[in-house]
Amino acid sequence: MIGRICGTGSYAPPKRLTNDDLARFIDTSDEWIQERTGVVTRHVIEEDTTVTMAAKAAKSALEDAGMDPQELDLILVSTLSSNVIVPCAACEVQKEIGAVNATCFDLNAACTGFLVAYNTAQAYISSGMYQKVLIIGSESLSTVLDWTDRGTCILFGDGAGAAVLSSEEGILHPMVTHSDGTKGGALKCSSRHVKNWEAAEAAGDTHLFMDGQGVFRFAVKKEPEAIRELLEKVDMTVDEIDYFILHQANKRIIESVAKRLKCDIAKFPMNIQEYGNTSSASIGILLDELNKSGVLKKGQKIILAGFGAGLSWGATLIEW
Ligand code: COA
């Protein structure tokens with residue numbers, strides 16, 4: 001058995017911060033941010049939380065799938081920025097949408113999280129353990145950013161993306177995922193729970209820290225490698241793939257991956273200009289936009305590829 005995506009959904013909080021808005025409180029400019037990253041605006045939470053965004057994306061995906069929440073037997077939420085530790089975000093989503101028959105748990109693989117959630121869903125479905133699975137990537141990164149650090153805060157944003165998978169006859173394609181914990185220091189966030197009010201001022205390591213250039217070099221090398229490794233495993237060429245839906249981290253990273261694969265950039269849809277980097281939500285949000293706008297057609301071959309903190313990276317083939 002394999003899982004087929006039968007519905008997608010996404011949600012972004014209404015408040016948008018433009019590059020010009022950021023330039024009012026940090027030393028930066030719209031021109032610099034657009035040129036180095038491709039980001040124009042990002043959405044940030046005011047009333048929403050990681051859980052409320054996840055639930056809204058989930059409802060939209062279920063509606064798209066025409067599926068009753070009670071049919072779900074597994075809910076996976078991928079997040080690194082949940083507003084709850086226990087109960088897990090997935091249980092909170094279950095409560096919100098009334099998916100009373102689902103088993104629920106969270107996973108954290110940072111920006112590779114949507115991909116890992118998809119792979120986990122496929123592993124359970126192909127084992128026969130679950131049949132109808134909801135995967136969600138939801139992030140409120142605005143709550144873990146140091147808004148005085150122009151090297152990181154300009155990149156990220158909040159939002160949620162979701163997909164519903166339903167089992168059907170078929171053979172599971174091989175998947176590619178890798179992790180390298182020895183390089184974890186390049187992108188880290190220790191804890192958002194400072195010990196006390198005196199510690200709050202000096203709580204530098206409770207904000208997201210990033211070695212921007214190190215992460216850039218890692219992404220442009222490892223992502224094409226993972227895609228090539230996957231293509232070899234499934235015995236396909238770049239030309240046979242209709243779209244590459246990459247984690248939206250930086251426009252220049254995506255352009256570099258396309259160039260290294262010697263592939264037309266038109267096959268690499270992007271929405272980073274609107275949302276910035278939403279970590280584990282980004283692939284789900286983009287997938288939903290492409291689905292709802294009718295870009296994706298039945299039978300198309302699509303590669304999902306992600307990379308990020310851990311360090312972690314990978315690629316997966318889906319047939320639409
Ligand atoms: N606005 C204006 N200038 C800025 C700036 C900003 N927001 N951020 C950094 N600068 C300055 C630096 O201080 C530096 O100035 P200097 O030359 O006077 O020292 C100059 O711009 C170049 O900085 P650098 O860090 O080399 O820029 P960059 O081209 O590497 O771009 C990132 C920085 C963060 C955009 C880029 O490294 C990146 O996108 N890395 C990958 C990050 C990523 O994808 N992370 C998530 C992975 S899931």
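This is a predicted model: local features need pLDDT of at least 70, side-chain atom pairs count only at pLDDT 80 or more; totals for chains, interfaces and linings use all residues.
Q: Which polar side-chain atom lies 2.6 Å from an oxygen atom of the ligand?
A: To read a polar contact, look for a pair of N or O atoms within 3.5 Å. Here the polar side-chain atom belongs to Arg 36, and it lies 2.6 Å from a ligand oxygen. The side chain of Arg 150 also has an N or O atom placed 2.9 Å from an oxygen atom of the ligand. With Gly 212 the backbone takes part: one of its N or O atoms lies 2.9 Å from a nitrogen atom of the ligand.

Q: What share of the ligand's area does the protein bury?
A: The idea is to take the ligand alone, then see what the protein covers. Taken alone, the ligand exposes 960 Å², and the protein buries 73% of that.

Q: Where are the domains in the chain, and what does each give to the shell?
A: The protein chain is divided into domain 1 (2–168) and domain 2 (175–319).

Q: How many residues of domain 1 are in contact with domain 2?
A: Contact requires heavy atoms within 4.5 Å. By that test, 51 residues of domain 1 are in contact with 45 residues of domain 2. The centres of the two domains, taken over C-alpha atoms, are 14 Å apart. Between them the domains bury about 3,700 Å², with 58% of it on carbon and sulfur atoms. On the domain 1 side, Cys 111, Leu 115 and Val 144 lose the most area to domain 2, together 17% of what that side buries.

Q: Where is Val 84 found, and what does it touch?
A: Val 84 is in the loop between β4 (74–78) and α4 (89–97). Leaving out residues up to four places away in sequence, Val 84 touches Val 51, Ala 89 and Glu 92. Val 51 is 33 residues from Val 84 along the chain, yet their C-alpha atoms are separated by 8.0 Å.

How values were computed:
Residues are numbered from 1 along each chain as its sequence is written. Side-chain values use heavy atoms; hydrogens and water are left out. A polar contact is a pair of N or O atoms within 3.5 Å; within protein, one must be able to donate a hydrogen and the other to accept it, and residues adjacent in sequence count only if both atoms are side-chain atoms. Accessible areas come from the Shrake-Rupley method with a 1.4 Å probe; for residues, only the protein chains shown count as cover. Domain bounds come from an automatic or database domain assignment. Buried area is the accessible area (1.4 Å probe) that two parts lose on being put together, summed over both. Helices (H or I, at least four residues) and strands (E, at least two) are DSSP runs, numbered from the N terminus.
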